[in-house]
Amino acid sequence: MKFIKRISLFVVVGGLFFLSGSYTMLKLEQFFYPKRYEQQQKMTETKSEKEQIIEAAVDDAPVITADTVYLIEKVNLSDGTVEEKEEAIPVKYIGLDRDSLIKELKEYDKNPALTDLEQGFETIELSGFSKDRVVICKYYRPEKKDEGFYLMVADHFVIVYKEDKKTIYMNTDILLENLSPALQEEIMKGKYMKNEQELYNFLESYSS
């Protein structure tokens, strides 16, 4: 038993000397080579920070919620005007992230609603995305309506005005007095031409 106790005591004392020596060597290295340990510490801290940022980015990936503001921008490709309107967010979009929403919009682009087609729908795209606000752009190219004209009088000559009756579209060489009394009366009140074809047919008939 005494022999065993002596061995145990020897092991314990040896271990203490080893730990003490190792600790002393570590402190000496830190004292004589401080930059080496500072760099190692910084690398460890940087790695830890990067891992935390990546984890936070994965956990905080924005998705659409019932509280997300849903804006529709209607862009008229014919005149360049933009109309912005806030709408209730479609239920099927709730819970979607950016990529999932883009896929949904691509499907809508292939099969748009009839109401959009009637307005000249061209395409749709995602303009802005966050958990607080989603902006959808819809592009339209409405069919151009035929513009009407008015025949009126200025200095005894027939003048062609645009539909607003203020903007001169064309001056003519048609004298009012050369027209029939009934036609003169119509023009003096403002004779309406529903489109360019009707206007040019009239001009060809009465121009000298």
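User: What does Glu186 count as, and at what relative accessibility?
Analyst: Glu186 counts as partly exposed, at 38% relative accessibility. Partly exposed lies between buried, under 20% relative accessible area, and exposed, over 50% (1.4 Å probe, protein chains only). This is a predicted model, in which local features need pLDDT of at least 70 and side-chain atom pairs count only at pLDDT 80 or more, while totals for chains, interfaces and linings use all residues. Residues are numbered from 1 along each chain as its sequence is written, and side-chain values use heavy atoms, with hydrogens and water left out.

User: Which side chain meets Glu186 in a salt bridge?
Analyst: That of Lys191, with an N to O distance of 3.0 Å. A salt bridge here is a side-chain nitrogen of Lys or Arg within 4 Å of a carboxyl oxygen of Asp or Glu. Lys191 counts as buried, at 18% relative accessibility.

User: How many salt bridges are there in the whole structure?
Analyst: The search finds five. One of them joins Glu185 and Lys189, at 3.4 Å from N to O.

User: Where do Glu185 and Lys189 sit?
Analyst: Both are in helix α5 (residues 181-189), and because they are four residues apart, about one helical turn separates them. Helices are DSSP runs of H or I with at least four residues, strands are runs of E with at least two, and both are numbered from the N terminus.

User: And how open are they, buried or exposed?
Analyst: Glu185 is partly exposed at 45% relative accessible area. Lys189 is exposed, at 62%.

User: What does Lys138 pair with?
Analyst: Asp116, in a salt bridge whose closest N and O atoms are 3.0 Å apart. The pair links distant parts of the chain, 22 residues apart: Lys138 belongs to strand β4 (residues 133-140) and Asp116 to helix α4 (residues 114-118).

User: Are those two buried or exposed?
Analyst: Lys138 is buried at 14% relative accessibility, and Asp116 is buried at 5%.

User: Switching to the fold: how many helices and strands?
Analyst: Six helices and eight strands. Along the sequence they run α-α-β-β-α-α-β-β-β-β-β-α-β-α.

User: What about burial and surface overall?
Analyst: Of the 208 residues, 25% count as buried. The protein exposes about 15,800 Å², and carbon and sulfur atoms supply 54% of that. Accessible areas come from the Shrake-Rupley method with a 1.4 Å probe; for residues, only the protein chains shown count as cover.
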